[in-house]
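Hi,

Here's the structure I said I'd send over. Have a look at it first, and then read on for what turned up.

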Amino acid sequence: MNIDEMTAQDVFDKVYRGLASQGFERSTSTELPGRSNTDACAYRGSHGRRCAVGWLIPDDLYDKRLENRGYRWLMAALPNGSLSWMPDGLTTFFRGTAPHKSLIDELQNVHDGSEEPEGMKAWLESIAAEKGLEVPAV
């Protein structure tokens, strides 16, 4: 299913199930250029992990140049054309996330701000309750 066809529940389900599949562990990488932080969040990180937004990006659209660029920054940069390096399919993907920008941003904040797996899971469940979404079975 394309991102622009997804409901808020679909977005939440995909991210929740993806994060659950990695034990609600953060996706980090020590190989991000220009980053001295060895615990830097990554769309695609070590041990096959992904961040919240990383679970939404189809494998055939992922581009390493996304790393070190947060979702909020990418969304702000789209309208002004400063992402000329980005392939058309990836641009279309990010534009397609616009209806769920607030939810996706919150889910990314949960990923980036959670120190412990149980905290990530609880925070996701509180977002679901707040937004009237169901927590999917995993």
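A residue is called buried here if its relative accessible area is under 20%, exposed if over 50%, and partly exposed in between. Bear in mind as you read that this is a predicted model.

Let's start with arginine 44. With a relative accessible area of 18%, arginine 44 falls under the 20% cut-off and therefore counts as buried. You'll find arginine 44 in the loop that runs between strand E2 (40–41) and helix H2 (52–56). Leaving aside residues up to four places away in sequence, arginine 44 touches Ser27, Arg49, Arg50, Gly54, Ile57, Pro58, Asp59, Tyr62 and Glu67. For isoleucine 57 there's a polar detail too: a polar atom of the arginine 44 side chain lies 3.0 Å from the backbone oxygen of isoleucine 57.

Next, leucine 133, which sits in the segment after helix H6 (117–131). Is leucine 133 buried or exposed? Its relative accessibility is 15%, so leucine 133 counts as buried. Again not counting residues up to four places away in sequence, leucine 133 touches Ala8, Gln9, Phe12, Leu103 and Ala128. Tryptophan 73, on the other hand, is 60 residues from leucine 133 in sequence and 26 Å from leucine 133 in space, C-alpha to C-alpha.

Glutamine 9 has a relative accessible area of 22%, so glutamine 9 is partly exposed. Apart from residues up to four places away in sequence, glutamine 9 touches Leu133 and Glu134. What does the side chain of glutamine 9 reach at 2.8 Å? That would be the backbone oxygen of glutamate 134. As for asparagine 109, 100 residues from glutamine 9 along the chain, the two C-alpha atoms are separated by 18 Å.

Last, the helix packing. H1 packs with helix H5 (residues 101–113) at an angle of about 15°, and their axes are 10 Å apart. Angles under 35 degrees count as roughly parallel, so that is what H1 and H5 are. Their crossing is right-handed. On the H1 side, the contact is made by Ala8, Val11, Phe12, Val15 and Leu19, and on the H5 side by Leu103, Ile104, Leu107 and His111. Sorted by class, the contact of H1 with H5 has eight nonpolar residues, one polar and no charged ones. Ala8, Phe12 and Leu103 of this contact are also touched by leucine 133.

Cheers

Technical notes:
Residues are numbered from 1 along each chain as its sequence is written. This is a predicted model: local features need pLDDT of at least 70, side-chain atom pairs count only at pLDDT 80 or more; totals for chains, interfaces and linings use all residues. Side-chain values use heavy atoms; hydrogens and water are left out. Helices (H or I, at least four residues) and strands (E, at least two) are DSSP runs, numbered from the N terminus. Buried means under 20% relative accessible area, exposed over 50%, partly exposed in between (1.4 Å probe, protein chains only). Contact means heavy atoms within 4.5 Å. A polar contact is a pair of N or O atoms within 3.5 Å; within protein, one must be able to donate a hydrogen and the other to accept it, and residues adjacent in sequence count only if both atoms are side-chain atoms. Axes are lines fitted to C-alpha atoms, for helices over the stretch in contact, and angles run from 0 to 180 degrees between N-to-C directions. Angles under 35 degrees count as roughly parallel, over 145 as roughly antiparallel, 65 to 115 as roughly perpendicular and the rest as oblique. A crossing is left-handed if the near helix is turned anticlockwise from the far one by less than a right angle, and right-handed if clockwise. Ala, Val, Leu, Ile, Met, Phe, Trp, Tyr, Cys and Pro count as nonpolar, Asp, Glu, Lys and Arg as charged, and the others, Gly among them, as polar.
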